[in-house]
Structure formats: C-alpha cells, structure tokens
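Student: I'd like to go through this one label by label and ask what backs each of them up. Can we do that with the structure open?

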Amino acid sequence: MHPDGTAHGESAVLIKNNIKHSEIKPYQTNEIQATNVVVEDWSGPIKVSAIYSPPKHTIKNEDYKNFFKTLGTRFIAGGDYNAKHTSWGSRITTAKGRQLLLAVQDMGLNVVSTGEPTYWPTDTQKFPDLIDFCITKGIANDNIKCKSCHDLSSDHSPVIVTLNRKTMINEISCKLHSRKTNWKSFKQSVKSTLNIKLPLKTENNIMEAVEHFNRCIQQAAWNSTPTCAQDIREYYYSLTIREMLAEKRLARKQWQRTRYPKDKTRLNHISAQLKQLLSYERNKSVQSYLEKLDATAATDFSLWKATKKLKRPIVFQPPIRKRDKTWACSNAEKAEVFAEHLNEVFLPNQIEASAMITSVEDTNYLSQIKLPDIPIKKCSMREVYAVISQLPQHKAPGYDLITAKVLRELPDKGFMFLIHLYNAVFRMGYVPPQWKVAQIIMIPKPGKNPEDIKAYRPISLLPIPSKIMEILFLKRIKPIIVEKKLIPDHQFGFRQKHSTIEQVHRLVDNINNTLEQKKYCSAAFLDIAQAFDRVWHDGLLFKVKKMVPTSYYTFVESYLNNRNFLVKQDEEVTNLYRINAGVPQGSVLGPTLYLLFTYDLPVSDKVVIGTFADDTVVLAVDKNPSQASAKLQKSLNDISHWLKTWRIKANETKSVQVTFTNRRETCPPVKLNEIEIPQANEAKYLDLYLDRRLTWRKHIFNKRKALGLKLRKLYWLICRKSQLSLQNKLLLYKSILKPISSYGIQLWGTSANSNIEILQRFQSKYLRIITDAPWYVTNNHLHRDFGISTIK
C-alpha cells in the first residue's frame, strides 16, 4: 500500500462475497494511502475508500483535493485521517484539520462523525480525541447514520456508518405527546379510567393514588398519540410560495416536452424567484424567534432550535476520567460515574463534635411531638387551575414524562383528582415518594476541563405535579415568613424586587463613601462550598420547627426525608441513589428553605454584610487600616463559629480579601477558621469585578474576554458564508452579546472613557464582521446605518 513498498500503517476494505463489487486502483502517496472498492447499490455505483494518513506528514488542501477527485462524484471515504478540527467534533484544531476543512468546503463535501473520541492513547496523561471519521459526496445526510462502537480493546475505537436507501429517522427519547396528539381523545380516556373515589386517609392511599394518576395519564396520552419513530415537523408555506411552486412545475413540464430555449429560460427565472422567496421566508421565521430571546434564554440549545436547518459544527462529546485514571466511554459508564460522584456530594459536611449544637443531637428536639395547631389551608379548583395555566409548556418533565401541557389538557375530573390529592398531602403532611425522585442531567461548566467529573453542573428535573404542590405550599408559608420577618434585610437572593444589581449597588455605595472620606474598607468575599447540595437536614428541620406551625413543619420534614435521584446520560439511566443532604435542586421550595437555613447569619453594627443566596461579603470601614481589619476579623470569628455549628463549609483559599481605598497602604490580612484569607486587588461578586479603587477596568476587561469567547461560538452563524440575513445577525448581537456587555452598566457606566472604549471596539468589530465591511467604511457609518447607539 505504501509507495516505498515497506510495511506501514495501512488500510483495507472487508466485503462480503455476495455483494457485487470490484476493486479499483489504490491511492498511494506518502501523505495518503487508500484502498478503493466500487459497490453497486440502489442508485448505481458508489466508491468505498478506506484511508490512512500518517501523522508525521504535512498535507495541504490541494493534496486532499487531488485524492477526493480520484473518487468521482459519489463516494464514502472513511478511516484514520489524523486531522483534528472542531467542525467534525475533535477536541482541538490542528494544521492538517484546517487544510482538510478547506478542501471539504471548496469541493462541497460532507463530514460524517459521531463527535465522540476514536483514539484512546495508552498514556493516561494524554487526552482522547476524534481522528477517525468519514467524508462523503453525492449522498444525502438523511440516508447515512454514524455511531461509535466501544466493544473492541484497540487504541482506535471503530465507527459504524450505516447507509440506507430510505431516510433514516433519528430515534427520539420517550415522551407522552407530540404535535399530532388527539387531546379530545385524551380527555375522554382520562374520564373513563381515572377513579376520583379512591380513599386518601393513609400514606399508602396517597402512594397508590399517585401511582394510579400517573398510570392513567401516561396510558391516555400514549393511546391518543400516533406511533411514529420521530416527531416530524410539518411546514406550512404561504400561498405565494405554493402558487409559485405550481408554476415552476408547469414550466418544467413545458420545457421537458418542448426543449425550447425560451422555456428553459422561463424555468430558470421562476426557480430563481422561488429560491429567493424561500430564503426570505426562512430568515423571517428565524428573525421572529430571535426577537423573543433574552439574556436568560439565549443558550446554545435555544439557538439550535432557531438554526437547526443550517449546517453547523459537530459538538465534541468528551469522555469522563474515572478515579482509576481510566476513561468512561459509553453513556452507561458516564452515567454511573456521575451518579457515584453525586452520591458523595449529597452528604452533610463532617464537622468536629465540639462544634455541634447540643439541642439537636443531645436533647432530640426533632423527635419531640408537638400538638397540631394551624392546619394548612386547602386548595381550590380555581387556584390549582391558575397555577397549571401559568406553568411554562416547554419545560422538561421529570422521570414520569408528565408535562405542563398534559396537565393543562386534563378534564375537570382530572383537576378534581389533583385537588383531593393535594389537600390530602397537606392534611397528613406526607409527600409521596414518587414526587421525591429527581432525574439529573449533567451539563459541562463553561471554561472547565470537560474530562473532569467536577467540571459538570447537575440539572435536576422533578415531576411537574410535585412542583405544583410546592407552589401551592409556598403560597401558604410565605405570609408566615413575612409576618415573622424570617429573611434578613441583607439577603437579596430569591426575593421579589431584590436583584443582583441592587445588592452590588448597595455595596458599591458603601465603598464609594469610603473612598470619598479617604478611609479604608476591608472586605472579605466568602466562598461557600456546595452550599445548596450539603445543607444539613437535621439542622434545617431544627430551625423550621421553631419558625412555623407544626403542620407546616410536618410537611417540610416529609418533603426533605427519603429523597432519591437517578442520572440520565442521553438514553442511559442509572439506578436510584439516596439524597442525604441538600435542598432539592430544581425545586420551587428549595431556595426558600435555604434562606430559612441561613437566616441567623451573625451580623454586627460595625460591619456591612451582603448576601445573595450563598454569595456572602463582609465590609468593615475605618480611618485606620488595622482597625478596619480588626472589625472584619471579629465578624469573621462569629461567622466561623456559626458555619461550624450548622455544618457549612467555607473555602478559605477561594475566599478573597480586598482593601478598597485610594491610598497605598493595605489592610492587614484576616483569617477564617484559623486560615488566612488570600488578599487581592479585585474580587468577583455577582458577576461584577470590584477593584481596589472602583475603576471597573478589571470588570470591563473580563467582559471583553467573555464576549470574545462567545463570538467564537457564534462565528459559524455570522460569518460571510452564513445563511442568516444581515438583520438576523444583528438580532444575535442584541439578544446574546449585548446583554453580556451591558450587565451592570448602571454601576460601571461612569468608568473612564479608555475603559468603555474596550467594549466599544468589540461592538464595532462585530458590525464589521457581519457586514464584511471594507477598510474605507467607517465605524460611525455602520452604527448610523444599523441604528445602533455607541456604548457611551
């Protein structure tokens, strides 16, 4: 195979004898060696090429083009290219990958890849990557499918490519309904199967009622939904397009019959008009979607929904490193690794016994029985219906697959069943175990190493009926919280009319006063380790029992105890694991429970404390830097004792001490838990960077860096080859990039012009990219033509 006739890494094609085929001349160069076979299929001959490209050679795009030209107009060329590029799902981009991508784009080829690593180095210090894939021509993407195979033990895992004469429909995850669900039939089925006369007097009765409700709803939805492999979206075109399409068909029929040049000209003219009209309709649809995006909804997935018909890069699916330094390759292995990790996370922090509170463990305060006092108010039909009507219809359901859309389509009988069920739960203070199972999906944290298991954030999906119950309970407990003032004024998290900007403004106002009075402000920004995931249940229940009536405490106790979770990775699901600590993530009630758990954080008149959920900062001001740190240290000592008492762990090394002053002297260092807190000239609080003199330069610099990273991800949508219109590219800036740059502008907007110009240059750069503006077009003209104001 190699031109020099010696043994090298080679390629081969194995083919069954009963398949009609013939071998053709192999391609042999120092850079590329390929075995070629011609196979007959339903559309005629197709060339199958097994390729190997040695890693040591430098290959230009012309070399790749010369190879692909030898394969004709219809082929599949797969193998070890030793070329990496993020466009086909590799972890990094190499020079060979850039050259191969140029050849693929110039020749109009398609890359078929799994996005998963195919090369597994034996050296545990090296990272797996994708270098084995296929390049095709003359084959529709809907007729070819690619998947990984991890059954072999080689350092290269096979890639299975399937070619089918029919359109290969992707398998979709199980769900209860689709766009073709017959909701009238669904309501009739629920009416005939749901039994609202079930007894609800014991805990077992409630469990059986929930199981009966889930079974009836699921079966009714499945029976009312046509069975199909994929929920195919139907597109409805305007009358103008349909009329022009009919006119094109008549013109094509006329030309095929007469073969007159004037008929061909007419057909080409109509085809061009139709193509232009379709492009306009497509961009109009994308524009209407992008206009609805905001800073919180502008995720990669929401962009995918708007641009899924456009050709986009394949996303790299990294493996996960296990504890023994081996790799978790398959989805089942990844799910188990994640589940074992989370099982260790959902445990209370272990603190020395001397710091424990005696009233919880010694006197068994939690086991003392109190007589019921104020019962939880019953819910009505109107209240339950209003809550269900306000639920977002497109939110992902829990493991039971019941969505808000399904509940909204329930008949009156279904609403009556839910009312009786919720009232029984409130009356008995018992939350059924089916509503205490969380389905967790792991999402990689941006900027973190994707191979590290700690670089993933768990997203918990709870049953929708459970969330409705939490909303109803929260409405009943909130008046008690407000009346007793159980949430301190310095806590701005999860509270109405208390935003992050207002909390930072409160702190910045104190710092500005310090700078104006030429004093010293010693500030400690505390980092709490896994604050929500490791909340001590006994400690939380101890506080709740003292705060609220017995009936409310009984409900919270049942709500927290005996919770479970499972991890879902694509379609693979783990067994159930017990949750022994933490407030339920993704729940409605969880944030309020955390605020109640931390309501008694020690405060002092000599310091200013600001908290937003678990983000805590303490400020101490004085004319003398030593006195400022002394005040801060006293407050931190009280906080340290409080943290140990309630099993809350702080990351002392990740916490930061900053001295805010216009003078050169710095406040002495302070300690937390007898560990010195690192000092710095700036600190990040609620996504805003506060520097020593409040110049905001550090904040603006980091925002510019974040904008650059986001721009790289969006470049395939805004470059000159993008199919999006200019107006839609501008909408992407307004919906996704501008909220990043303008966050907190109420505070940093007074920064020096030299700092603000950093963001202004980025805005001008974006406008020049989307317009492909030449050098002689000024930035002022671009801003004026687009109607965009400058950052200033």
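**Labels and the values behind them**

Tutor: Lys 518 sits in the loop between helix 14 and strand 13 (520-526). Keep in mind that this is a predicted model.

Student: What makes Lys 518 count as exposed or buried?

Tutor: Its relative accessibility is 57%. Exposed starts over 50%, so Lys 518 counts as exposed.

Student: And what is its phi?

Tutor: Lys 518 has a positive phi of about 60°, although it is not a glycine. Most residues other than glycine have a negative phi.

Student: Which loop holds Lys 497, and what is its phi?

Tutor: Lys 497 is in the loop between helix 13 and helix 14 (500-516). Its phi is near 65°, again a positive value in a residue other than glycine. At 78% relative accessibility, Lys 497 counts as exposed, the cut-off being over 50%.

Student: Where is Leu 250, and why is it called exposed?

Tutor: Leu 250 belongs to helix 5 (residues 239-258). Its relative accessible area is 60%, and exposed means over 50%, so the label holds. Leu 250 and Leu 267 are 17 residues apart in sequence, with 8.9 Å from C-alpha to C-alpha.

Student: Let's turn to Ser 551. Why is it called buried?

Tutor: Ser 551 is found in helix 16 and has a relative accessible area of 14%. Buried means under 20%, so Ser 551 qualifies.

Student: What does Ser 551 touch?

Tutor: Not counting residues up to four places away in sequence, Ser 551 touches Asp 373, Ile 374, Pro 375 and Ile 376.

Student: Why is Asp 373 called partly exposed?

Tutor: Asp 373 has 45% relative accessibility. Buried needs under 20% and exposed over 50%, so Asp 373 falls in between and counts as partly exposed. It lies in the loop between helix 9 (358-361) and helix 10 (381-390).

Student: How do you know that Asp 373 comes up against the region of Ser 551?

Tutor: Leaving aside neighbours within four places in sequence, Asp 373 is in contact with Pro 549, Thr 550 and Ser 551. Contact here means heavy atoms within 4.5 Å. Asp 373 and Thr 550 are 177 residues apart along the chain, yet their C-alpha atoms are separated by 6.4 Å.

Student: What makes helix 16 "mostly covered"?

Tutor: Nine of the 11 residues of helix 16 (residues 550-560) are buried. Among them are Thr 550, Tyr 552, Tyr 553, Phe 555 and Leu 560.

Student: What do those buried residues pack against?

Tutor: They pack against helix 12 (412-428), helix 13 (464-484), helix 15 (537-547), strand 14 (563-569) and helix 17 (590-597). Just after helix 16, Asn 562 takes a positive phi of about 60°.

Student: Why is helix 17 called largely enclosed?

Tutor: Eight of its eight residues are buried, so helix 17 is largely enclosed by the rest of the structure. The buried residues include Gly 590, Pro 591, Tyr 594 and Phe 597. What covers them includes helix 13, helix 15, helix 16 and helix 18 (625-645).

How values were computed: Residues are numbered from 1 along each chain as its sequence is written. This is a predicted model: local features need pLDDT of at least 70, side-chain atom pairs count only at pLDDT 80 or more; totals for chains, interfaces and linings use all residues. Side-chain values use heavy atoms; hydrogens and water are left out. Buried means under 20% relative accessible area, exposed over 50%, partly exposed in between (1.4 Å probe, protein chains only). Helices (H or I, at least four residues) and strands (E, at least two) are DSSP runs, numbered from the N terminus.
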